[in-house]
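Subject: Structure handover

Hello,

I am passing on the structure we spoke about. Please look through it first; my notes follow below.

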Amino acid sequence: MMKRGFLQTTLAALAAVVSLSLVPAAARAEIRIDINQGVTQPMPIAITDFPGDPVGSQISQIISADLQRSGLFAPIDPRAFTQDAASLQQGPRFADWKVLAAQALVTGQIRPRDDGRFDVDFRLWDVSAEQQLTGLTLTGDSSLMRRVAHKIADEIYRAVTGEDGYFDTRIVYVSETGPETNRVKRLAIMDQDGANHQFLTDGSQLVLTPRFSPSTQQITYLAYVGNKPRVYLLDLGSGRQESLGDFANMTFSPRFSPDGNRVIFSMAQNGNTDIYVMDLRTRSVQRLTSDPSIETSPSYSKDGSQIVFESDRGGSQQLYIMNSDGSGVRRLSFGQGRYGTPVWSPRGDLIAFTKITGGSFSIGVMRPDGTGERDLASGFLAEGPTWAPNGRVLMYTASGGGGSKLVTVDITGRVSAAVPTPFDASDAAWSPLLP
C-alpha cells in the first residue's frame, strides 16, 4: 500500500524546480580532469561560503561533500583561506589561492528576492590561469537549498571533466527491518547522498527490485499481493500506481527500456523462466526467449537494440546478449565463477554485473563484447549494481555483519563510499538527472 501523504510530498519536491541560467565565462581556462585515465590525483579545489544568507555555508558544504565523494576533487580546509567572502565579491586575489595550491576556486553569493525566494550566483575560477571558467545563477526558495548545491556541483563536474554530473539525482531502494525470519521490506527514496529520505510504501506488502525509468520520474517494481507477485508502475509526479497486469505466473526483475515506453521482465511458466517485454502504450506482451532454462535480469543497451541477461542454458549462471526481438543470442561471460544481475551502462560502453566465485562476491564490469573484464569491489555479499546516469559511478548492496548497506564505487574501483540509510538497505536503483 502507498503511504498516505506521499503524493503531496512528492509533488512539492518535483514542482519546486530551480530555474537556471548560464553566465558566460570571461574566457575559457585550461583546468581539466581526464576521467578516462585509470588513476588520477584529486584536484585541489577551494569552495568558499556564499554570503547573503545563513544558508550559504550549508550550500558550500554540500557542494564540497558531493565533489569529494566523486574522488576527483580534494576540497581544501576552509580554515586555511586568507581571502574573506566580502572581498571575494570584488574578485579573487589569485595569489592567495595559489599559496594554498588550489587549482580551482568556487565563489558565490545569495541575493534575496522580493517574492521570498533567492538568487544564488556561482562562479568557478581557474586559479593558475586567473580566469573564470563558468558560472550559474539559480533561483529557488530555502527548501531547495540541497538541489541548488547539487546543481552547482554538477556544473563544476561538467566544466572540469567534460562529462555530465550525477549529484542532482535520487535513489530508490528496498529498506529492510525486522528479524531475518520476518523481514519488513518497504520502498524508500532519497537524494543520492542519503538526504531527504522518505518511504513510498508502508510495509504491508513485500516489495523487490525497484527500477527507475531512464527517461522519466517513474518506477517499476515487484510486490507480493496476497502471496501473488505483481509488477507495478509508480509515477512519482502524480503518485499514481498501477499494476501492469494480472499474470497467471510468477513475474520478476522488471526494468524499463531506454525510451521508457516498454518494461522487460521475467516470467515463470510451466517450470520454465523466460524473458518478456510489455509495451506500456498498448499493454501488449511479447515473449523473447524460449529456452528450457532460467533466463532473468534483462537490461537494455543504451540504444535499445540489444538486451543483456543471465541464463543457465550453458550449465551454469552466465551472461548472454540478444537482439531486442530475441534473436541472435550469444554468450558474453567466460570467466571463472557465476555471473548475474547484469545492467548496461547508460553510456553504452560497459556492462556491470555480480560475480560469484566460490564463496566470494564481487561487482565487476566488462565491455559489451565480453572483453576488459575487471572487478571494482568485493565483499561477503556484494551484489545488485546500478549505474549513475553519467555511467561513471555504480551503487551496489554490501551485506555482512548482520546487515546490509548501499555503497558507491567509481569505474576505476579506486573511490568507494557508503551511503547513509536509516535501516538496512538493498536493491538500489539510480534516477536520471532531475528535471
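Domain bounds here come from an automatic or database domain assignment. That assignment gives domain 1 (43–161) and domain 2 (169–433). Their centres, taken over C-alpha atoms, are 36 Å apart.

Two notes on the basis. This is a predicted model, in which local features need pLDDT of at least 70 and side-chain atom pairs count only at pLDDT 80 or more, while totals for chains, interfaces and linings use all residues. Residues are numbered from 1 along each chain as its sequence is written, and side-chain values use heavy atoms, with hydrogens and water left out.

Where the domains meet

Eight residues of domain 1 are in contact with ten residues of domain 2 (contact means heavy atoms within 4.5 Å). The two domains bury about 720 Å² between them, 44% of it on carbon and sulfur atoms; buried area is the accessible area (1.4 Å probe) that two parts lose on being put together, summed over both.

The rule finds one salt bridge across this interface, a salt bridge being a side-chain nitrogen of Lys or Arg within 4 Å of a carboxyl oxygen of Asp or Glu. A salt bridge joins the side chains of Arg-146 and Asp-193 at 2.6 Å, N to O.

On the side of domain 1 that touches domain 2, helix 2 (55–69) and helix 5 (145–161) each supply at least two residues. Helix 5 gives the largest share, four residues. Helices (H or I, at least four residues) and strands (E, at least two) are DSSP runs, numbered from the N terminus.

Strands

Two strands pair if DSSP finds at least two bridges between them. Strand 14 (residues 251–256) and strand 15 (residues 262–269) are antiparallel, with four bridges, and Arg-255 stands opposite Ile-264 in strand 15. These two strands form a hairpin with five residues between them, and Gly-260 in the turn has a positive phi of about 75°.

Strand 15 also pairs with strand 16 (residues 272–279), antiparallel over eight bridges. Arg-262 has Asp-279 in strand 16 as its bridge partner. Here the hairpin has two residues between its strands, and Asn-270 in the turn has a positive phi of about 55°.

Elsewhere, four strands form an open antiparallel sheet in the order 18-19-20-21. Strand 18 (295–300) and strand 21 (330–331) are its edges, each pairing on one side only. Strand 20 (residues 318–323) pairs with strand 21 over two bridges, and Tyr-320 stands opposite Arg-331 in strand 21.

Regards
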